[in-house]
Amino acid sequence: MANHKSALKRARQNEVRRLRNKGSKTTVKNAVKAVRAAVRDNSPEQARDNLVKAVSVMQKTSSKGIIHKNQAARKISRLTRQVNQLTPPAA
């Protein structure tokens, strides 16, 4: 455990930030889960709606540094591919 006054304050700050980041990460996981569930249920409209929400949530968390920007890009790319495979492009 920290002994110095500044180290104790840093430990308190880290705990507050950890809990805040945990909530945001949970929100990302739930958004991704909703998209995957819609893909699994084979409902393209629902999947697209959930994808838009998930992309927004992931970009917001990556801009705040909660998740790495490349991790967000990778997840967005994979989810988009899954949603696009549900329906063939209109000819």
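A residue counts as buried when its relative accessible area is under 20%, as exposed when that area is over 50%, and as partly exposed in between (1.4 Å probe, protein chains only). By this rule Val39 is buried, because its relative accessible area is 19%. The structure is a predicted model, in which local features need pLDDT of at least 70 and side-chain atom pairs count only at pLDDT 80 or more, while totals for chains, interfaces and linings use all residues. Residues are numbered from 1 along each chain as its sequence is written, and side-chain values use heavy atoms, with hydrogens and water left out.

Helices are DSSP runs (H or I, at least four residues), numbered from the N terminus. Helix α1 covers residues 5-40, which is 36 residues. From its first C-alpha to its last, α1 reaches 52 Å, close to the 52 Å expected at 1.5 Å a residue; the expected span is 1.5 Å times one less than the number of residues.

The buried residues of α1 are Ser24, Val28, Ala31, Val32, Val35, Ala38 and Val39. An α-helix has 3.6 residues a turn, so residues three or four places apart point the same way. What covers the buried residues of α1 includes α2 and α3.

Val39 lies in helix α1. Contact means heavy atoms within 4.5 Å. Apart from neighbours within four places in sequence, Val39 is in contact with Ala47, Gln82, Val83 and Leu86. Val39 and Val83 are 44 residues apart in sequence, yet their C-alpha atoms are 6.4 Å apart in space.

**Helices α2 and α3**

Helix α2 (residues 44-63) and helix α3 (residues 69-86) pack at an angle of about 175°, with their axes 10 Å apart. Axes are lines fitted to C-alpha atoms, for helices over the stretch in contact, and angles run from 0 to 180 degrees between N-to-C directions. The two helices are therefore roughly antiparallel to each other, a term for angles over 145 degrees. On the α2 side, the residues making the contact include Ala47, Leu51, Val55 and Ser62; on the α3 side, they include Lys69, Ala72, Ile76 and Val83. By class, this contact has 10 nonpolar, three polar and three charged residues. Here Ala, Val, Leu, Ile, Met, Phe, Trp, Tyr, Cys and Pro count as nonpolar, Asp, Glu, Lys and Arg as charged, and the others, Gly among them, as polar.

Ser62 belongs to helix α2. Beyond residues up to four places away in sequence, Ser62 touches Ile67, His68, Lys69 and Ala72. Its side chain also reaches the backbone oxygen of Gln59 at 3.0 Å.

**The loops**

Asn42 lies in the loop between α1 and α2. Although Asn42 is not a glycine, it has a positive phi of about 60°. Lys64 lies in the loop between α2 and α3.

| Residue | Relative accessibility | Class |
|---|---|---|
| Ser62 | 18% | buried |
| Asn42 | 53% | exposed |
| Lys64 | 61% | exposed |

Methods: Angles under 35 degrees count as roughly parallel, over 145 as roughly antiparallel, 65 to 115 as roughly perpendicular and the rest as oblique. A polar contact is a pair of N or O atoms within 3.5 Å; within protein, one must be able to donate a hydrogen and the other to accept it, and residues adjacent in sequence count only if both atoms are side-chain atoms.
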